[in-house]
Structure formats: C-alpha cells, structure tokens
Amino acid sequence: MSTRTILDPTGERTVAERARLARPASLAGLTVGLLDTPVRHDITYDGRLLPGSTRLDPTGTAALVQGHGTFTTGLVHQQAADAALLVRGVLAGRDATATA
C-alpha cells in the first residue's frame, strides 16, 4: 500500500506518514460531507440529503449562484448513491455570495 505525506499548516514540525485506507465495498451507511455553496432548496438526491444541509433561500436571487454546490453534490450522489450526503455552505449570505 502506498503512503502520502501530510503537512499540517497549523504548525506540525515533522512529516506524518499514514497508509491509505482500503476502499469500502459499499458506501451504504456512510456519510459524505461536502463543503461548497449551498444546494437548491427543492432537490433531495433521492432522499439522501441529510437534515442540516445548507440550502439556498428560495426567495433570494439564488439562480445566479445555485449551480456549483448543487452540481458537485449531484456528482457525488451519482458515484455514491448509497451514501448519505451532508452539504455545508461555505459562502455567506442567503444567496451564497462572497465579498472581497
């Protein structure tokens, strides 16, 4: 099994070597977490989107920003249909916008 090098940007002074875990046979019962923009309020991904996931405000101007988190969550769901999904929006505001 191969290893990869992980450096902790919080101040680790030595290299931590960790072996990669084996790929599970199934993702049933597991949760995949995504940090992205919130997902559209009306999509459930076949009931796999967990309560507490960040949703776009249906009354806002979400049409301009709803694509990325909704798209990436859809890709994960397509590849891991048995897994539960938890999406946390990392951009602020009811429309998931960012300011410089």
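1. Let's start with Asp42: in this predicted model, Asp42 is partly exposed, with a relative accessible area of 44%. Its partner is Arg40, and the closest N and O atoms of the salt bridge between them are 2.6 Å apart. Arg40 is partly exposed too, at 28% relative accessible area.

2. Next, the inside. The largest nonpolar core has six residues: Leu34, Val39, Tyr45, Leu49, Leu85 and Val87. In soluble globular proteins, nonpolar side chains tend to be buried together. Leu49 has contacts with Val39, Leu85 and Val87, and also with Ile43, Thr44 and Arg55, once residues up to four places away in sequence are set aside.

3. Thr73 sits in helix H1, which covers residues 67-79. Its relative accessibility is 0%, so Thr73 counts as buried. What does Thr73 touch beyond its neighbours within four places in sequence? The contacts are Leu34, Val39, Tyr45, Leu85 and Val87, each of them also listed in the largest nonpolar core. As for its polar side, a polar atom of the Thr73 side chain lies 2.7 Å from the backbone oxygen of Gly69.

4. Buried or exposed, where do Tyr45 and Asp46 fall? Tyr45 counts as buried because its relative accessibility is 8%, under the 20% cut-off. Asp46 counts as exposed because its value is 65%, over the 50% cut-off. Tyr45 is also one of the six core residues and one of the contacts of Thr73.

5. Finally, the outside. Leu35, Val90 and Leu91 make a nonpolar surface patch of about 300 Å². Leu35 belongs to strand S3, residues 31-36, and at 68% relative accessibility it counts as exposed. Leu34, by contrast, is listed in the largest nonpolar core.

Methods: Residues numbered from 1 in each chain as written. Predicted model: local features only at pLDDT ≥ 70, side-chain atom pairs only at ≥ 80, totals over all residues. Heavy atoms only, no water. Helix = DSSP H or I, 4+ residues; strand = E, 2+ residues; numbered from the N terminus. Buried < 20%, exposed > 50% of the residue type's maximum accessible area, 1.4 Å probe, protein only. Polar contact = N/O pair within 3.5 Å; in protein donor to acceptor, adjacent residues only side chain to side chain. Contact = heavy atoms within 4.5 Å. Salt bridge = Lys/Arg side-chain N within 4 Å of Asp/Glu carboxyl O. Core = buried A, V, L, I, M, F, W, Y, C linked by side-chain atoms within 4.5 Å. Patch = residues over 30% accessible without salt bridge, like charges linked within 9 Å, V, L, I, M, F, W, Y side chains within 5 Å. Areas by Shrake-Rupley, 256 points an atom, 1.4 Å probe, with all protein chains shown as cover.
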